[in-house]
Amino acid sequence: MKFFEVIFGNGRWIYFWHGFEVTIVLTILALFFGFLLGVLISMLRTSSVKFCQKIANLYVTIIRGTPLLVQLLIMYYVIFAEYRAMPKIIVAAVAFSLNSGAYISEIIRGGIESVSQGQKEAARSLGLSEFRTQLYVVMPQALKNSLPSLIGEGISLFKETSIVGWIGLGDIMRGADDIRSLTATAFESLVAAAIIYLAITLIFTKIMSKVEKRLA
C-alpha cells in the first residue's frame with residue numbers, strides 16, 4: 001500500500017512518465033545514429049586502405065577504453081560548453097551514439113568476417129567494386145549474423161541511459177530521485193525504476209526475438 005502511495009500519491013507518477021519519454025527518445029536516437037556510425041566504422045576497419053583502418057581502429061580503441069560517463073561529461077562540459085542553448089538530450093544523444101557506434105562496429109565487423117571469402121571473390125569476379133561487394137553482398141549477411149549481438153547492445157544502451165542525470169537530464173532515474181527527495185523514501189522509488197527498466201527490456205527482447213525468428 002505504501003508503495004502505491006509513494007509512487008502515485010499527488011500525481012508523482014508523472015516524474016516517471018516524463019523520464020520514460022526522455023529515456024525512450026534518447027535510446028532511439030542513440031541506436032539509430034550509433035548503428036549508422038557502426039556500419040561505417042566496420043566497413044573502414046575491413047577495407048584494404050590502411051589509413052582508413054588506422055583511423056577506425058583509433059576511434060574504437062579510444063571509445064571502448066574510456067567510461068561512457070566520462071565521454072558524456074566531456075561532451076557536455078567541454079565540447080558543448082559554449083553551446084548551453086543546445087538541448088541536453090541532443091548532447092546526450094551525440095555522446096551515446098559515438099559510444100554505441102564503437103561497439104556496434106565491432107559486432108558488425110565480426111559479422112562481416114563470418115561471411116565466406118568465396119562470396120566476396122565471386123562478387124568481385126562479376127565486376128562489383130569492393131564498396132559494392134561490401135554493400136550488396138557482405139553487409140546484408142553480416143547484419144543478419146550480428147542480429148543477436150545487436151539486440152544485446154540495444155538493451156545495454158537502454159539501461160546505460162540511466163547516467164544522463166549527471167548532466168541534469170530528466171530520465172527515469174532522475175524521476176526516481178525526484179520522488180525520493182519529495183517523499184524521503186528510497187526503496188519504493190528505486191524499485192519502481194527497476195521495474196520500469198525490466199519491463200521495457202523484456203518487451204524489447206520479446207519483439208526482437210520474433211524479428212530474429214522471421215529472419216531465420
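Contact here means heavy atoms within 4.5 Å. The model is predicted, so local features need pLDDT of at least 70 and side-chain atom pairs count only at pLDDT 80 or more, while totals for chains, interfaces and linings use all residues. Residues are numbered from 1 along each chain as its sequence is written, and side-chain values use heavy atoms, with hydrogens and water left out.

**Exercise 1.** Determine which secondary-structure elements the protein chain has.

*Solution.* Helices (H or I, at least four residues) and strands (E, at least two) are DSSP runs, numbered from the N terminus. On this basis the protein chain has nine helices and zero strands.

**Exercise 2.** Describe how α7 and α9 pack, and identify the residues that meet.

*Solution.* Step 1: two packed helices are described by the angle between their axes and the distance between the axes. The axes are lines fitted to C-alpha atoms, for helices over the stretch in contact, and angles run from 0 to 180 degrees between N-to-C directions.

Step 2: for α7 and helix α9 (residues 187–215), the angle is about 170° and the axes are 10 Å apart. Angles over 145 degrees count as roughly antiparallel, under 35 as roughly parallel, 65 to 115 as roughly perpendicular and the rest as oblique; α7 and α9 are therefore roughly antiparallel to each other.

Step 3: from α7, the residues K144, L147, P148, I151, G154, I155, F158 and K159 meet Y197, I200, T201, F204, T205, M208, E212 and L215 of α9. By class, this contact of α7 with α9 has 10 nonpolar, three polar and three charged residues. Ala, Val, Leu, Ile, Met, Phe, Trp, Tyr, Cys and Pro count as nonpolar, Asp, Glu, Lys and Arg as charged, and the others, Gly among them, as polar.

**Exercise 3.** Characterise the surroundings of D171.

*Solution.* Step 1: D171 sits in the loop between α7 (130–160) and α8 (172–183).

Step 2: D171 is buried yet has no salt bridge. Buried means under 20% relative accessible area, exposed over 50%, partly exposed in between (1.4 Å probe, protein chains only). A salt bridge is a side-chain nitrogen of Lys or Arg within 4 Å of a carboxyl oxygen of Asp or Glu. The nearest side chain of opposite charge, R174, is 6.6 Å away.

Step 3: not counting residues up to four places away in sequence, D171 touches G19, V22, T23, T161, S162, V164, G165 and Y197.

**Exercise 4.** State which backbone feature is found at N10 and where N10 lies.

*Solution.* N10 has a positive phi of about 55° although it is not a glycine. N10 lies in the loop between α1 (2–8) and α2 (13–45), and counts as exposed at 73% relative accessibility.

How values were computed:
Lys, Arg positive; Asp, Glu negative; His and termini not counted.
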